[in-house]
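Please read these points with the model open beside you. They go through some contacts between side chains, then a sheet.

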Amino acid sequence: MQIVPYRVVSRVVVGPATVTLGLVPVAQACVTAAPGQFMMVWCFGIGEIPISVSGIVNGGVIEITVRAVGATSAAIVDAGVADVLGMRGPYGTAWPMGAVVGRDVIVMAGGLGLAPLRLAIESMVSGRAGQRSLTLLIGAREPAQVLYAEQLPAWRSAGADVRVTVDVGDSAWHGPVGTATAVFERMSVRADVAFVCGPEMMMVSAAQALVRAGMSPAQVFVSMERNMHCGIGHCGRCQLGPLMLCRDGAVVPWEMVSELVQVSGR
Amino acid sequence: MSSDAVILDPRSGMQALIDALDTAGYRVLGPVLRDGVIVYDDVVSESAMPTGVRVEQGAGRWRVFQDARPERFSWTPGADSWKRFVFPARSEVLRIRRTDGSWTTGQPAAPDRPLALLGARDCEVRALGVLDTVMLGPNHPDARYAQRRADAFVVAVTCGEPSSTCWCTSMGGGPQPHDGFDLRITELSDHAGHRLLVQPGSDRGEQIMAVLPGSDAHNADIDSAAHVVQRSVDRLPVRLPGAELPALLAGSELHPHWDDVAARCLSCSNCTMVCPTCFCSSFSDHTSLDNDEAFRTQEWASCFQLDHSYLGGRPVRATTAQRYRQWLTHKLQTWTAQMGTTGCVGCGRCTTWCPAGIDIIEEARAVIGSQMVAARLQPVDVYVHPR
């Protein structure tokens, strides 16, 4: 097990207790990560947690978006520019970018779930992925918690149909209120491939709605989460039935987990 | 005559084997009767190993009896397993010293002597093979485990006295190991006397065997060993259809029997701690007092612990029923899809060492056998990780 030191080169507050950090290796060559993969991020003396890669910019700066929830995530959020964090990875499966070529794609994100989708979205809005169309449904608790809000105009002007919905609006909010699934169900959008990431309940309801609308469960992809200590299949914690999510996930086709998540406590 | 097998004296021959392994550079580990239970520990003298020891095991029951009989391997294994030597209960995996603006990483030192495991039963040899598939997976093999395993010299023993909790033959094993060992001992006691039949399973096994003060085995010895195996097989009824368990347990998630077990299960983790294949662990970091050095340790953990499934502020598996279901179905069902092997070798430890006397076989039967599950049995489409 080797932890590589990374220096924080940028820190942007993107929401309440939520930051996007840019990291470059202190000495080693930059690593690359496929959209949807995660790194184990370590703060000296505190702990280590799995965090999805939310961006790779300027030829190798790895971006992660983290919300302070527990001790380790709070320490990572507190890291300042020039601080050193540890990382190892990338680990896990990726969003299947080959599946979007020539297809109509819908991406549904709930809360921080937009972060693991961002590399895939940028691949699509930049034209590299070669999809036919992209619909992006973003759900957030409140307008202040919409991630990457400053990027949405660019995504729209690149041709994506971007819709944002919040659980609770404010006086300045003129968009829809409710879940991303509810927004989807009011639309008559047709899609061949779907990428979904958010809290498990959100992904279940979204995936079920997508399948009800006629999509194949093999073409709906979700990013599942369980407790994870090692990221390399040795600690046994990220089991979801026959899956070990650090190895077989986090990104899996809905058909692989639709039965598993029906049973609570798996 | 059979020149690829030798006959050893049960006492002087055993000492010669220990000496030969020691001379070859191995740390020799073998069975020791201590505090009323068989444990594995360093042995330098054959007299430290059990003689005339018999064991009675049942659900939540372990009793040792010793008499003047000369048998060396008439016992069955206790709570201890070889797992703790190749996969220690707690070990340092990483040490990081903070330097100016970065850090340096140190790897823990490798063990100075390779291990010789003297007296591994077939269930234990297969358990090491199961652990290998976990620790030595294609993507992230554990280098320290790999070294301990590759160097380990395995002296396997044919089981001549299986316990009532043994069910290896149900899980694809048997009283006699067929591979995964360097030497195999079968204890013979018949009209020709009390003796050990030693057969090699590897080149280095042959090299050790060559220096043992044994006589060449005769066909009668081989026949006598076959009789020992058959006698054990006769005492090991097939209690569950091991290969069919993944299919039989599919769809059992909502069975009411999980609540029945949960009413008895203490969620104490004993079954996972004594299991020779359970590999779940915690990785945790500690720092030196000056906060300049961090240590990462890997420690055995259990799916019966609440924090094992902690996610988003709560445990995913909050009830004992959910945790027992996770454990049993992982052992007997989902392990196969994850690793390509069964997770259970049928050693019976989880049953013997359960303080509530919960028998994994009885619980699996209760879940599999009911009409409710039978009605729900569907063709199984188990995801198998592509290798």
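**Notes on the predicted model**

1. Start with a charge over a ring. Lys83(B) lies over the face of Trp300(B), 4.2 Å from the ring centre. The term requires NZ of Lys or CZ of Arg within 6 Å of the ring centre and within 35 degrees of the ring normal. Arg98(B) does likewise with Phe44(A), at 4.0 Å from the ring centre.

2. A word on the ground rules. This is a predicted model, where local features need pLDDT of at least 70, side-chain atom pairs count only at pLDDT 80 or more, and totals for chains, interfaces and linings use all residues. Residues are numbered from 1 along each chain as its sequence is written, chains are lettered from A and ligands numbered from 1 in the order in which they are written, and side-chain values use heavy atoms, leaving out hydrogens and water.

3. Next, the aromatic pairs. Over all chains there are 16 of them. The ring centres of Phe279(B) and Trp335(B) are 5.3 Å apart and the planes stand at 90°, so this pair is edge-to-face. The rule takes rings of Phe, Tyr and Trp (its six-membered ring) with centres within 6.5 Å; planes under 30 degrees apart are stacked, over 60 edge-to-face, and the rest tilted.

4. Where do Phe279(B) and Trp335(B) lie? Phe279(B) is in the loop between helix H9 (270-274) and strand E13 (281-287) of chain B, and Trp335(B) is in helix H10 (residues 320-339) of chain B, so the pair ties together parts 56 residues apart in sequence. Helices (H or I, at least four residues) and strands (E, at least two) are DSSP runs, numbered from the N terminus. Phe279(B) is buried, at 1% relative accessible area. Trp335(B) is buried too, at 1% relative accessibility. Buried means under 20% relative accessible area, exposed over 50%, and partly exposed in between (1.4 Å probe, protein chains only).

5. Ring pairs also build a cluster. Its members are Trp258(B), Phe304(B), Tyr324(B) and Trp327(B).

6. Now the salt bridges. Asp104(A) bridges to Arg132(A), with the closest N and O atoms 3.0 Å apart. Asp104(A) sits in strand E7 (residues 104-110) of chain A, and Arg132(A) in the loop between helix H2 (114-125) and strand E8 (133-140) of chain A, 28 residues apart.

7. Chain B has a salt bridge between Arg149(B) and Asp132(B), at 2.8 Å from N to O. Arg149(B) lies in helix H4 (residues 143-151) and Asp132(B) in helix H3 (residues 122-135) of chain B, so the pair ties together parts 17 residues apart in sequence. Both residues, Arg149(B) and Asp132(B), are buried. Elsewhere, salt bridges with shared partners join Glu48(A), Arg88(A), Asp285(B) and Arg296(B) into one network.

8. Last, the sheet. Four strands of chain B form an open sheet in the order E7-E6-E14-E13, with antiparallel pairing. Two strands pair if DSSP finds at least two bridges between them. Strand E7 (102-106) and E13 of chain B are the edges, each pairing on one side only. Five bridges join strand E6 (residues 90-99) of chain B to E7(B). Thr99(B) stands opposite Ser102(B) in E7(B).

Terms used: Salt bridge = Lys/Arg side-chain N within 4 Å of Asp/Glu carboxyl O.
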